[in-house]
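Reader: I would like to go through this model term by term. Please set each value against its definition.

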Amino acid sequence: MKKPEPVVKVDETGPPKAAVAGAVGVAVAVAWRLFISRMRNAGGAGRNNAWKTVTADAKEKLAAAGFDIVAPLKLRWYNEIAPDSAKIAPGGAMGEDALVILVGNSAALWPVFCDAHNARPEIGDAENPVDTYVDIEVNRVFRGKIRRVFYAHETKPGRLVAVQRMAHVAGVAHLDERSHLSIHPTLGPWLAFRAVVVLDDARGPGDGQKPRPPPNPLAFDPSARARVDEAFDDALDGYEAPGGPSEGQWRLWVAVRDAVEPGHPARYPEDQVAYHYNCLDGRERARIRSRLRGGFEPSD
Ligand code: B12
């Protein structure tokens with residue numbers, strides 16, 4: 001009688017060797033693919049977050065130069081809300097995904113600027129020393145980077161940037177459309193914008209990282225709203241008066257800012273207020289600049 005073949009139970013002896021090798025091979029391939037895809041994503045995320053490093057580096061250097069407002073955004077966010085006359089045409093590898101850095105200042109600029117005015121002839125002797133200071137310092141900070149720099153004081157077609165709208169969409173300050181003032185959550189209206197740096201070859205933040213515009217404090221404070229509106233109407237009346245604005249017109253614009261929060265802790269020091277606002281009166285500027293140099297004040 002033929003001896004029966006032994007019954008081989010798979011669960012007792014395991015699968016044949018070829019099957020084991022196959023399964024291990026598949027597992028290794030899957031793990032490898034997973035590893036490669038993780039590495040790729042990590043590289044991509046690194047590239048996509050390079051704007052954070054660029055911004056952090058710029059922030060540190062600009063703060064040392066007195067520019068304490070530094071906000072990154074994507075060019076497209078600005079162009080989507082900018083009036084046609086103030087849009088920035090894309091100009092490099094990243095197109096409208098390019099990184100833009102908005103640069104501005106609070107009262108922090110004044111002491112640093114005064115030192116530069118005193119110590120550096122290229123600032124102290126310049127016709128418009130704040131503009132010259134901004135130009136030199138911003139370009140120094142971004143030296144070696146492909147960039148286009150637009151300045152807040154430029155108004156020619158193709159150069160004008162609606163910086164207040166940019167600040168709004170970059171989450172820096174609420175643009176109050178009634179008074180045309182940008183209002184910052186802690187600085188109130190006591191800030192100015194100076195330059196817009198477009199880094200055409202660097203990718204800006206992703207849409208998921210887009211900040212919300214800060215709230216408008218005037219929306220929650222009816223008496224502040226009324227104060228600002230009244231001060232703005234007064235300033236506008238003076239500005240549009242027949243014969244042009246009077247000598248003291250600038251004080252009416254200062255009053256608009258003061259109306260947001262009288263005695264605001266971030267208010268500029270008096271010299272800085274007079275210097276920035278009283279730009280039509282050359283004598284006042286000359287007096288301030290002379291004081292900065294420690295010299296005699298020119299008499300009227
Ligand atoms: C031209 C100009 C003016 C003109 C405005 C004329 C006009 N019809 O636009 C005049 C000479 C009146 C002016 C006055 C002042 N200006 Co001015 N001005 C500018 C400048 C260089 C360009 C504005 C512009 O054309 N933008 C482009 C258009 C397309 O943008 P927009 O968003 O559609 O329009 C904005 C402005 O045009 C403005 N606006 C529009 N119509 C009017 C009318 C009047 C009467 C005013 C005052 C403003 C105004 O408000 C709009 C936003 O709501 C900007 C800097 C800049 N690059 O934006 C500074 C700027 C707006 N001004 C500024 C300042 C500080 C002033 C003054 C306080 C002081 C000064 N040096 O004279 C006063 C008073 C302003 C106030 N609200 O209290 C700051 C505002 C900062 C802030 N915290 O809000 C800016 C951003 C300059 C800066 N370096 O930061 N300004």
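Reader: Which helix gives the most to the shell around the ligand?

Author: Helix H8 does, with three residues. Helices are DSSP runs of H or I with at least four residues, strands are E runs of at least two, and both are numbered from the N terminus. The model is predicted: local features need pLDDT of at least 70, side-chain atom pairs count only at pLDDT 80 or more, and totals for chains, interfaces and linings use all residues. Residues are numbered from 1 along each chain as its sequence is written.

Reader: Which residues around the ligand come nearest?

Author: Of the 29 residues around the ligand, Ala 162, His 180, Ser 182, Ala 192 and Trp 253 come nearest. A residue is near a molecule or strand if its C-beta atom, placed from the backbone, lies within 6 Å of it. Elements that give two or more residues to this shell are H8 (163–169), strand S5 (181–183), S6, H9, H10 and helix H11 (270–277).

Reader: What is the make-up of the shell by class?

Author: It has 19 nonpolar, eight polar and two charged residues. Ala, Val, Leu, Ile, Met, Phe, Trp, Tyr, Cys and Pro count as nonpolar; Asp, Glu, Lys and Arg as charged; the others, Gly among them, as polar.

Reader: Why is H9 called roughly antiparallel to H10?

Author: The axes of H9 (residues 222–239) and H10 (residues 249–260) cross at roughly 170 degrees and come within 8 Å. Axes are lines fitted to C-alpha atoms, for helices over the stretch in contact, and angles run from 0 to 180 degrees between N-to-C directions. Angles over 145 degrees count as roughly antiparallel, under 35 as roughly parallel, 65 to 115 as roughly perpendicular, and the rest as oblique. So H9 is roughly antiparallel to H10. The residues of their contact divide into 12 nonpolar, two polar and two charged.

Reader: Why is Asp 200 called partly exposed?

Author: Asp 200 has 19 other C-beta atoms within 10 Å. A residue is buried at 20 or more other C-beta atoms within 10 Å of its own, exposed at 12 or fewer, and partly exposed in between, with C-beta atoms placed from the backbone. So Asp 200 is partly exposed.

Reader: Where is Asp 200 found, and what does it touch?

Author: Asp 200 is found in strand S6 (residues 192–203). Leaving out residues up to four places away in sequence, Asp 200 touches Gly 91, Gly 92, Ala 93, Met 94, Ala 98, Ile 146 and Arg 148. Contact requires C-beta atoms, placed from the backbone, within 7 Å. Gly 91 is 109 residues from Asp 200 in sequence, yet 6.1 Å away in space, C-alpha to C-alpha.

Reader: What makes S1 largely enclosed?

Author: Six of the six residues of S1 (residues 69–74) are buried, so the rest of the structure largely encloses this strand. Ile 69, Ala 71 and Leu 73 lie on one side, and Val 70, Pro 72 and Lys 74 on the other.

Reader: How do you know that S1 pairs with S2?

Author: Two strands pair if DSSP finds at least two bridges between them. S1 and S2 (residues 98–105) have six, in the antiparallel sense. Ala 71 stands opposite Leu 102, and Val 70 has Val 103 as its bridge partner.

Reader: What makes S1 an edge strand?

Author: Four strands form an open antiparallel sheet in the order S1-S2-S6-S3. S1 and S3 (148–151) each pair on one side only, and these are the edge strands.

How values were computed
Contact = placed C-beta atoms within 7 Å.
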